[in-house]
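User: I am new to this structure and would like to understand the terms used to describe it. Please set each value against its definition.

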Amino acid sequence: MSAENTEGAEGTQGTERAGTSGTSGMFSKEREAAAPAGPTPAPAWIRELDMALTVYPQILLTGNVRDVFLLPEEGEGGVVAPAPDGPPTPYSLEEVIESLCRTRGYGALARQSLVDDRVLAWRLTNDPFAFPPALRRMAEEDARAEHERGERERGTGEADPDDADDGDDVEAGIARIREIMIGTVRHTGPAIGLIIPYTARLGSPRGPVAGEAARLLATVEELGHTARPVRGTGGVTPYNTLFWVVEKQEELPLEFAIGSRALRVISVPEPPHDQRRAAGRFVVERLSARRPAADGTAAAPVTRQEQDQATEALTRSSHGMGVGEILAIGRMAADRGLPLARLDEAARLYRVGVLDNPWATQAVRENILNGEAYLNAEVIGQPHAVRRTIEIFMRSAAGLTGAQSSSSPSRPRGTLFLSGPTGVGKTELAKGVAKMILGEDARPIRFDMSEFAEEHARDRLIGAPPGFVGHSAGGELTNAVRAHPMSVLLFDEIDKAHPRLFDLFLQILEDGRLTDGQGATVHFTECVLIFTSNLGVSAEVIRPKNRRGAKAAAGEGGGDGSGDGQGEAGDEKAKQGPRLNRHDKPEDVREALRVAFDTFFNDHIGRPELRNRFGDSFVAMDFIQPESVPPILDKALASVTARIKEVHGADLTVGDDPWEVLRVEATRRLDHGGRGVVTAVESALVNPLSRELFHQPLRPGEHIEVEAVDGEGDAYTVKVRRGT
């Protein structure tokens, strides 16, 4: 660890400013924006930082410290007092600190650089005595060592192998940092600030530090209590300030004196809506000035209305992002030649990395337009559920998901909560949705939530935290979405999951993102989430006693929204009854399922806020009725015929009489839903046919016709006629 040569420090200052501002790219040096109506006060955290310079010898900055801050151009009072006509300008955190320190009369700033393995310093004044002796001495040692190293390399043509060992001497590097801190704090003035931008690298938050690192942190605590203000340019004099920077306060070493009265902790917040709007306006104005015409001639001027619409679209789509990310979206839009009207697409591309947006294609819109007929063919006997599903995806294709609320616009593209008896087509509906949106070969990514009934199952989904077994492997859910940003996620039997897992779904449904065990953010913005459950069917249920009461119990139609559905004795809203069956009216089944849904989230797991996140995405599925048996039976027989053709190269047909026997048997098993129909085909046709083909295998090109099906239970036989 070494110190930068203080000669030419003003040039170093210019280099530092250019290097940090470079994060803003094409927007960093443009200051020709229209003047604001009046001076805008600096954000509260900057004003707090300015106040702390004269009161605290050490300052810890935590939170959104790696972002870019779009502020009015600084005036004579620095960024706290912007110029009246100053255009918005991107600042890094280091530039904010530099502006405040210069205004307060600091003579110089220094920063620990892990890249250069030294402390870089630059003057804020022309005072030749701005640097403390410790920095000057180390700069001279570094210059001498650099000169000697160059001489050796020129003489031998190769680097000294001992240099690598010296550079890796961590203990020696920490000892030098300690010496620089002591020299900085004891400097007599003008004041100097020392920035430690990666404080968490000094030790682990999970165990005690030792050696020079422990000595350094103990020294820092003592320096905080013994520091005294130094001379300045006038007014209240500041301290020689140590600036600690860390993203998460919990990542600090255990020995860090976080409770010291000499330390001021300042939280840098994520940019609120108005700051993101200002950043969006900044991007839009610069993109407007660069917009070329289609034929290469001068483009027509962009109207204020177009700019306002583009600004609002970018502001909404950048929810949860920092200002630096918004500026990066502008660079991406400029690079890809996207018009202002498609800035939300640039934000989506930046967020999830999906180059093509299937939701914006005409093919998906046509699939959804024709989706009701398509899904009714895939999922037989559920016209109500299919119609509700299509309504939800029409809203998604129109880009209006969550438009009725002020919450995050980054919610998943679609959410379905499918509730109904077993075997009615919940999983088949999820498969049909995946095919409708992603293509015929698409399948949902399925998670059987009965496998996540234990408390530690949360780690299986998002990955184990650092220090635990399996941390490097990541989570099953986060890995799947990271690999396939646009997916249909199926959470089967969600009511069987451990209650802790519902906190994850609350975050996904609200913000459209999740942080995995490694600290990386995974976005669900382009995903469709489908939850299935048979709540209210598998045991005694709370039945609606009348239509009006049922709606009130479900939190609808002017009820108080509690949705517990229980009521007191004699309550007209609901009554306890036996389990649902296919002889109940469809309206009563749907209402009972809704009451059970509300009761589960309100009372059983205590998550009414999660129930509210589902909104109107709850879809009740009906029992399969006898009139739906023929098409389900035909679909099952078509599957058997296709398998015979694939495996044996032969053709299979089923006569009218055996078809009728299968229909009667399937109807008898209809209490098991569509699975009962499939089971009937297996028992009455597939099993006896398999015995026949086992003893007399089919030949390629042969035709086999089932003429009769006889028997009952497990004793079915088939009569077949074979030919070519």
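Analyst: Helices α23 and α24 are oblique to each other. This is a predicted model, in which local features need pLDDT of at least 70, side-chain atom pairs count only at pLDDT 80 or more, and totals for chains, interfaces and linings use all residues. Residues are numbered from 1 along each chain as its sequence is written, and side-chain values use heavy atoms, with hydrogens and water left out.

User: Why are α23 and α24 called oblique?

Analyst: Helix α23 (residues 656-668) packs on α24 at about 130 degrees, and the axes are 8 Å apart. Angles under 35 degrees count as roughly parallel, over 145 as roughly antiparallel, 65 to 115 as roughly perpendicular and the rest as oblique. The pair is therefore oblique.

User: Which residues make the contact of α23 with α24?

Analyst: Leu-662, Glu-665 and Ala-666 of α23 meet Val-677, Ala-680, Ala-684 and Leu-685 of α24, where contact means heavy atoms within 4.5 Å. They divide into six nonpolar, no polar and one charged. Here Ala, Val, Leu, Ile, Met, Phe, Trp, Tyr, Cys and Pro count as nonpolar, Asp, Glu, Lys and Arg as charged, and the others, Gly among them, as polar.

User: What makes α2 oblique to α3?

Analyst: The axes of α2 (residues 44-52) and α3 (residues 93-103) come within 10 Å and cross at roughly 45 degrees. That angle makes α2 oblique to α3. Trp-45, Ile-46, Leu-49 and Asp-50 of α2 make the contact with Leu-93, Val-96, Ile-97 and Leu-100 of α3. Seven of these residues are nonpolar, none is polar and one is charged.

User: What makes a space a cavity or a pocket?

Analyst: On a 1 Å grid over the protein atoms alone, a cavity is a set of points where a 1.4 Å probe fits but cannot get out, whereas a pocket is an open set with protein on both sides within 12 Å along at least five of seven lines; lining residues have an atom within 4 Å of a point. A search of the whole structure finds one cavity of 30 Å³ or more. The largest cavity holds about 80 Å³ of space, and its lining comprises six nonpolar, three polar and two charged residues.

User: Which residues lie closest to the centre of the largest pocket?

Analyst: The largest pocket has a volume of about 1,000 Å³. Of its 36 lining residues, Glu-428, Ala-636, Gly-674, Arg-675 and Val-678 are closest to the centre. Helix α24 gives the largest share of the lining, ten residues.

Key:
Points joined across faces, edges and corners; volume = space filled by probe spheres on them. Axes fitted to C-alpha atoms, helices over the stretch in contact; angles between N-to-C directions. Helix = DSSP H or I, 4+ residues; strand = E, 2+ residues; numbered from the N terminus.
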